[in-house]
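Hi everyone, thanks for making time this morning. I'd like to walk you through the aromatic rings in a structure I've been looking at.

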Amino acid sequence: LVVDAGDILQGTPVYSIFKGEACYKTAKASGCEATTLGNHELDNDLNNLLTQLAASDMRLLCCNVFYRDSQKPVFAPFHVFKRGGLRIGVIGSIGNEAWEDIDRKIRAPMTQKDQTTAVKETALRIRPYVDLVVVLSHAGIEFDKQLAADVAEVDVLIGGHTHEELHTPLLIMNKPGSGTYDNGLGGTIVVQAGEWGHFLGRLDVTVADDGRIATWSGKLEKVTSEFEHLAPENLAQMVKGYDQRLEKMMSEVIGQTPADLSFPKDLRKKSMLPMGTFTAACMRDAVGSDICIINSGAIRCDIKAGNITRGQIFEALPYDNSVVTFTMTGKALKNMLDIVASKFGDPDGYQLHGLTGALNSPTGKAENILVGGSPIEDTRHYLVSTSSFMANGNIAGDLLFASIEKVEDSGILMRDAAQKWLEKFKTVSDLSVAPVELLKN
């Protein structure tokens with residue numbers, strides 16, 4: 001039984017161009033029989049997700065997301081599969097923190113129930129009728145361990161979101177009072193298979209005649225090119241077709257950079273980085289704003305020195321977030337920058353362009369800030385651009401833009417702003433020094 005723990009969608013031009021069609025259809029053709037709701041499944045709103053699920057016939061399970069008005073479940077909460085003489089109840093769920101990662105505007109028509117509560121209720125409901133209960137959890141490894149300990153009715157928990165490579169499955173012992181069901185192990189098996197399809201997680205479970213788990217073992221199988229010849233013909237042709245449609249568009253060179261536009265994962269919440277500065281500069285140019293601020297999570301990867309292709313821009317800026325401009329007074333701008341200083345790294349880092357000075361994190365103050373080479377004037381009006389994701393209130397956007405006088409959504413996607421900048425200027429200048437210094441303890 002092949003299943004997935006969410007975030008099949010997003011991350012590359014394959015998603016940006018085909019909006020999930022290619023992702024789900026190839027996953028389905030690869031044998032995946034069920035997935036759950038990851039935060040990226042809703043990057044292009046619920047209607048797009050439902051359209052792609054219907055077109056691909058992919059089964060998406062989620063027990064803890066409901067329509068806000070009717071309180072009816074948006075997705076089927078579980079499905080029972082029959083394999084090897086066993087009835088396997090598979091429950092889908094999204095973690096509390098992963099839910100918060102979804103754009104507020106997109107999740108507004110829906111509501112999410114606490115994951116542990118919803119999973120326990122669903123597991124208790126189906127436990128008498130199945131031989132195994134498996135939970136697909138898009139929540140992260142630490143929450144998965146807690147969930148496994150708290151719900152004894154779950155035999156196996158397959159996790160995602162934090163991209164852990166668990167080469168050996170974990171057996172998490174159930175807490176006293178976590179349930180009355182005894183699967184013979186006294187706990188729940190927890191697995192997770194990394195990211196980007198680099199591994200296929202394998203778990204083998206034997207259930208004895210008395211219904212208890214007799215044996216279990218698992219590992220991660222490295223996915224390499226040596227397996228490609230085993231792909232069924234319909235899948236091979238499907239992948240080839242999508243590749244051909246993408247190749248011509250994505251291989252086009254649209255600019256160059258003499259130095260790496262670096263964006264290392266371990267520094268994104270801690271620093272302003274060249275790829276962030278470049279992205280913010282492109283957004284400023286697209287709408288003529290005085291400054292630009294975006295959260296680090298809006299950018300997926302760096303770009304190495306040399307020619308820049310269209311495909312690299314799509315990969316680095318895959319989200320369909322547009323450039324939004326706020327009109328703010330200098331006083332409101334100062335307050336915004338103080339908040340940035342105090343909240344940098346919590347919950348995300350920020351990338352800026354169009355100003356110089358320093359953000360003093362220990363004091364929560366912006367210091368010696370110049371916009372266009374001049375100090376900020378309290379009564380002057382400034383144009384501040386950001387992403388539609390932050391403009392909708394995410395990543396402290398509700399605090400940063402609490403005092404505005406006008407808002408305008410340009411409709412220009414962030415990646416389109418970057419493409420237009422490269423087509424206009426061709427070469428990226430040296431961005432190794434951040435425009436604003438971040439002062440820390």
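Predicted model: local features only at pLDDT ≥ 70, side-chain atom pairs only at ≥ 80, totals over all residues.

Let's begin with phenylalanine 326 and phenylalanine 401, which are stacked, with 4.4 Å from centre to centre and 20 degrees between their planes. Where do these two lie? Phenylalanine 326 belongs to strand β16, residues 322–329, while phenylalanine 401 is in the loop between α13 (397–400) and β22 (406–413). Because of that placement, their pairing ties together parts that are 75 residues apart in sequence. Both phenylalanine 326 and phenylalanine 401 are buried, too.

Next come tryptophan 421 and phenylalanine 425, a tilted pair at 4.9 Å centre to centre, with 45 degrees between the planes. Helix α14, residues 414–425, contains both tryptophan 421 and phenylalanine 425, and they are 4 residues apart, about one turn of the helix.

Are these two buried or exposed? Tryptophan 421 has 14% relative accessibility, so this residue counts as buried. Phenylalanine 425, with a relative accessible area of 39%, is partly exposed. Together with Phe278, Trp421 and Phe425 make up one aromatic cluster.

Now for the charges. Arginine 127 places its charged end over the ring of tyrosine 181, 3.7 Å from the ring's centre. Over the face of phenylalanine 199 you'll find lysine 222, at 5.0 Å from the ring centre.

That's my tour, and I'm happy to chat about any of it.

Key. Residues numbered from 1 in each chain as written. Heavy atoms only, no water. Phe/Tyr/Trp six-rings, centres within 6.5 Å; stacked < 30°, edge-to-face > 60°. Buried < 20%, exposed > 50% of the residue type's maximum accessible area, 1.4 Å probe, protein only. Lys NZ or Arg CZ within 6 Å of the ring centre and 35° of its normal.
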